[in-house]
Amino acid sequence: MEGKNLLRYTLFLFFTVLLILLTFSDLPSPPSNKAAQLNCAAYSPCPWCTSKNRFLSKKTDFLRKPTNPTRRRHSADVPRHPLDPLTVTELNKVRKIIQKYDLFENRAYALHSVVLEEPEKKAVLEWKKGDPLPPRKAAVVARAGGASHVLTVDLGSGEVARHETGDLSGYPTMTVEDMTSVTWAPLASADFNRTVVERGEKSRLIKVQCYSLKDTANFYMRPIEGLTVLVDLDTKEVVQITDKGKHIPIPNAANTDYRFAAQNSYQRLINPISIEQPKGPSFTIEDDHLVKWANWEFHLKPDPRAGVIVSRVMVRDPGSGEMRNVMYKGLTSELFVPYMDPTDAWYFKTYMDAGEYGFGLQAMPLDPLNDCPRNAYYMDGVFLRPMGRRTFDRIWFVCSRAMIREVRPKVTLVVRMAASVANYDYIVDWEFQTDGLIRIKVGLSGILMVKGTPYSNTNQVNNQENLYGTLLSENVIGVIHDHYITFYLDMDVDGSDNSFVKVNLQREYTEPGESPRMSYLKAVRNVAKTEKDAQIKLKLSDPSEFHVINPTKKTRVGNPVGYKVVPGGTAANLLDPNDPPQKRGAFTNNQIWVTPYNKTEQWAGGLFVYQSHGEDTLEVWSNRDRPIENKDIVVWYTLGFHHIPCQEDFPIMPTVSSSFDLKPVNFFESNPILKIPPNVENDLPICKADASA
């Protein structure tokens with residue numbers, strides 16, 4: 001039952017904590033009678049396509065699969081915390097209830113999302129270990145009869161509640177079946193086959209932009225430029241074929257293979273490094289999802305859309321010893337990736353990687369000893385597949401790194417989620433430090449999405465021509481693009497009712513004769529009354545700090561306790577606000593937003609993102625200008641990256657990363673690490689180089 005009906009995640013932990021998500025997947029078998037003209041069976045491995053050509057099979061032989069640890073069965077799992085994800089038993093029960101629901105009975109349907117419908121926040125905050133769990137419910141997003149449906153399934157009573165979605169223009173997150181089955185739709189079209197043959201390619205090609213797999217594992221570097229196919233996702237029929245690049249050659253396969261085995265020589269610049277923790281790990285995992293480490297405690301679970309959700313984050317006060325609330329819930333809300341090429345084959349490439357494709361569903365495989373240390377402890381989770389057929393494996397792992405700062409060891413616990421969304425790889429880290437700081441970091445790597453060009457050297461390019469990017473290699477242009485990753489941060493600093501304070505640094509002048517100094521800086525605190533007061537565009541000319549405080553809780557000397565957002569990765573969106581992709585991505589118009597807590601407002605791009613028009617975004621909610629002073633508030637922060645490709649990005653990119661911090665500000669009475677002892681000689685093993693080295 002598990003192997004056939006469930007999508008599985010595996011979480012493993014070692015040392016102090018860092019989590020990473022891995023994925024293996026199987027594609028459906030190709031149609032037996034399609035695309036005879038291309039002789040598809042003769043070409044392997046196959047390319048892939050979806051409505052936005054973003055996905056590839058992880059099953060191909062050029063991807064290494066890491067050692068797969070032994071996994072326990074989960075049929076007997078039970079939830080132990082109100083926020084625990086749905087178990088195998090619960091998912092099977094949801095599936096059976098849905099099958100009998102009158103909306104889906106005796107008709108085709110697809111389940112786009114089945115996750116825990118979290119209890120009301122008040123119920124979760126009041127719950128204590130040993131108490132009965134609040135009623136368990138499932139939040140279901142499905143499509144049937146050409147319409148989208150949002151449902152709540154009560155696992156206790158078996159009742160199904162249907163929710164109105166209003167006039168939302170978009171569609172739910174695409175299912176894996178959506179992403180893979182349309183691979184074969186273009187091949188069923190005689191016009192598409194004829195066009196491909198005319199272009200001299202006889203390999204299987206992907207929809208929208210086509211690529212050649214001939215002589216390379218890195219098909220992204222061999223675009224068949226200008227050939228695009230529009231496929232109806234529901235009928236899987238080809239609606240339109242556009243071919244405007246017949247004069248553009250397919251880039252050569254030479255030097256595009258990034259695999260180590262494909263290199264003619266290698267350089268070992270450093271000797272191998274081994275990290276050990278002689279007294280064992282400092283963390284514990286209770287009831288499968290509760291992580292405890294040093295002075296931190298939080299609930300952790302996988303999510304098909306957000307990737308990973310960190311909840312009920314608390315830190316121990318070194319003075320009183322009590323566990324204090326910092327954040328109720330944190331997650332990656334959306335990733336907006338607009339490409340800066342307005343031509344016919346590229347203008348639509350403005351992706352929402354979480355809302356359209358499911359950030360968690362695109363989890364990637366990681367390599368032991370390179371991506372993760374050798375010691376690991378495994379913790380599993382499960383998701384229901386859309387049609388209850390195939391199995392996906394998700395593996396998370398946890399590790400640590402330690403750095404010495406003067407006489408105090410600085411050891412951090414990192415929750416890491418890694419996803420491969422087609423050509424791009426993302427690594428999202430939630431790093432917890434013993435001084436109370438939380439650092440949220442995003443790393444970008446992978447393969448550029450490139451376009452073909454007739455040019456092999458920049459001296460061939462007319463100065464008046466816009467390439468929309470950089471010539472990286474012969475006949476290959478790396479297109480300029482942006483990445484925006486928006487985080488949802490439901491801050492609960494010593495309680496749910498908080499305020500947002502913008503602390504401006506202003507230049508002040510001394511009176512004549514008052515001081516040898518003419519000027520100084522003054523901190524001016526402005527409490528945001530409503531949402532528009534907290535719409536923040538970061539500017540070097542307006543230096544500020546951004547505090548989330550609890551106005552009713554004070555330190556010994558009278559300061560309100562709080563945390564501050566320390567910005568980083570501040571690239572701002574430069575698209576016109578009325579540009580259609582920017583209307584959908586309007587949540588990137590500011591780097592910081594603050595909204596009152598609303599259970600339905602969690603996804604910055606709206607509930608239904610795919611092909612939406614932008615009427616249900618964070619900007620729309622924030623412009624209602626609701627009161628936020630001394631309220632249960634949510635802070636939204638967007639990390640931004642501008643990417644002008646360069647030759648070092650070819651054929652595969654080095655990792656670029658940026659981060660922002662949530663840092664205590666008058667939260668503790670003094671520096672919280674003062675009582676942490678320094679390491680001494682006997683605490684650590686003495687490592688010596690091998691005599692043969």
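Where is the place of Leu574? I found Leu574 in the loop between strand 30 (560–566) and helix 6 (580–584); helices (H or I, at least four residues) and strands (E, at least two) are DSSP runs, numbered from the N terminus.

**Entry 1: basis.** I noted that this is a predicted model, in which local features need pLDDT of at least 70 and side-chain atom pairs count only at pLDDT 80 or more, while totals for chains, interfaces and linings use all residues. Residues are numbered from 1 along each chain as its sequence is written, and side-chain values use heavy atoms, with hydrogens and water left out.

**Entry 2: Leu574.** I recorded Leu574 as exposed, because its relative accessible area is 71%; exposed means over 50%, buried under 20%, and partly exposed in between (1.4 Å probe, protein chains only). Apart from its neighbours within four places in sequence, Leu574 is in contact with Tyr484 and His642, contact meaning heavy atoms within 4.5 Å. The C-alpha atoms of Leu574 and His642 are separated by 9.9 Å, and the two residues are 68 apart along the chain.

**Entry 3: the whole protein.** I read off 7 helices and 33 strands. Of the 693 residues, 56% are buried. Among contacts between residues at least 6 apart in sequence, 73% join residues at least 24 apart.

**Entry 4: Lys121.** I looked up the salt bridge between Asp490 and Lys121 (3.0 Å, N to O). It links distant parts of the chain, with Asp490 in strand 26 (residues 481–491) and Lys121 in helix 3 (residues 121–126), 369 residues apart. A salt bridge is a side-chain nitrogen of Lys or Arg within 4 Å of a carboxyl oxygen of Asp or Glu. Asp490 counts as buried because its relative accessibility is 0%, and Lys121 is buried at 4%. The charged end of Lys121 also sits over the ring of Tyr597, 4.8 Å from its centre; this requires NZ of Lys or CZ of Arg within 6 Å of the ring centre and within 35 degrees of the ring normal.

**Entry 5: further salt bridges.** I counted 27 salt bridges in the structure. One of them joins Arg324 and Asp494, with the closest N and O atoms 2.6 Å apart. Arg324 lies in strand 15 (residues 323–338) and Asp494 in the loop between strand 26 and strand 27 (497–509), so the pair ties together parts 170 residues apart in sequence. Both Arg324 and Asp494 are buried. I also noted a network of salt bridges that links Arg80, Lys129, Glu286, Asp287 and Lys292.
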